[in-house]
Amino acid sequence: MSSSTSPASAISGDVPLGVVEDCLGILQLLSDGTVQRAVIPLVLPGTPSQTTSPVPWKDVAYDETRNLSLRMYVPPTDAGKKLPVLVYFHGGGFCVGSFAISDVHDACLRLAAELPAVVLSVDYRLAPEHRLPAALDDLEALFSWLRGQAAAAAADDAGQADFGRVFVSGDSAGANIAHHVAVRVGSGALDAGPVRIAGYVLLWPYFGGEERTASEAACPPDVFLTLALCDQMWRLALPAGASRDHPVANPFGPESPPLDGVELPPVLVAVGDRDMLLDRIVDYVARLKAAGKRVELVEFPGEGHGFSVFEPRGEAASELIRVVRRFMHGPAPK
């Protein structure tokens, strides 16, 4: 593993360091506060890709002070035709993940080509080096960058991105971020400026809470996202001492802001019916509907958490793209 820097308490002498948390063999939190991360293969500019796609892409910095970037996918289109923009946040429990991981990269390539849309796949600061709400604080820099892009596009009518049709999406922790974008923009706490958000697409959003749901309690052992892994990632991601009812984790927790007065465009939520978070997500949709929001829930039989990222070329991923395409573009002409 390679070591990344984080605040560490002084350790005297040669006391051996212990592993406090080991998350998926990817991340280790040591007893002195140091974080070690395994080296993960990434798809980087100039490296060969195993996926053949006509969609060109490039990496762009949106916050140089924090070394934060996004990956921009711009599919070919007819001259003068504008495409909607899909802002996409990857998953990983706020602790792991990147837009450059091959599965995320392949999923975004497919979204860009088949929706079609200009896809902006966004990286953000990860815990435990940067505990929540750091990932949400990064939204200010991202939206500053988006406002600049929208203003420049409006000034010279250049580019293929239609910033009047922006959809904010993400999977798992990324869908959690998309929810908080919706709340912050809808309440006026986050300035979208000339960027018009037309809808939100939340894929198996990663929410939590101290009270267990039935699907969490009955989580089978043969799935990727287990209750133990979910709890571990919240321990690593939330502020020290915070519970899973923290407002970032639980949108309806005791300290979470009410959503009744938040203006929301249409919301699409997707989840597999073998996802441990199913009941929590169904409850989220029901509460949004009760608050008068326009929200649609689509369940995928036999699928678990993250199915379209783990198998971006699978049939369930194909159906998900058809569902998202209808949401963004409307029904296909007959």
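A nonpolar core, as used in these legends, is a set of buried Ala, Val, Leu, Ile, Met, Phe, Trp, Tyr and Cys residues joined through side-chain atoms within 4.5 Å; buried means under 20% relative accessible area (1.4 Å probe, protein chains only). The model is predicted, so local features need pLDDT of at least 70 and side-chain atom pairs count only at pLDDT 80 or more, while totals for chains, interfaces and linings use all residues. Residues are numbered from 1 along each chain as its sequence is written, and side-chain values use heavy atoms, with hydrogens and water left out.

View 1. Helices (H or I, at least four residues) and strands (E, at least two) are DSSP runs, numbered from the N terminus.

**View 2. The surroundings of F89.** Beyond its neighbours within four places in sequence, F89 is in contact (heavy atoms within 4.5 Å) with residues including V122, Y124, L139, L142, V168 and I177.

**View 3. Strand β11, enclosed on both faces.** Six of the six residues of β11 (residues 267-272) are buried, so the strand is largely enclosed by the rest of the structure. V267, V269 and V271 point one way, and L268, A270 and G272 the other.

**View 4. The partners of β11.** Strands pair if DSSP finds at least two bridges between them. Strand β10 (residues 197-203) pairs with β11 in the parallel sense over four bridges, with L202 opposite V269. On pairing with β12 (residues 295-300), also parallel, β11 has six bridges, and V269 has L297 as its bridge partner.

Terms used
Buried means under 20% relative accessible area, exposed over 50%, partly exposed in between (1.4 Å probe, protein chains only).
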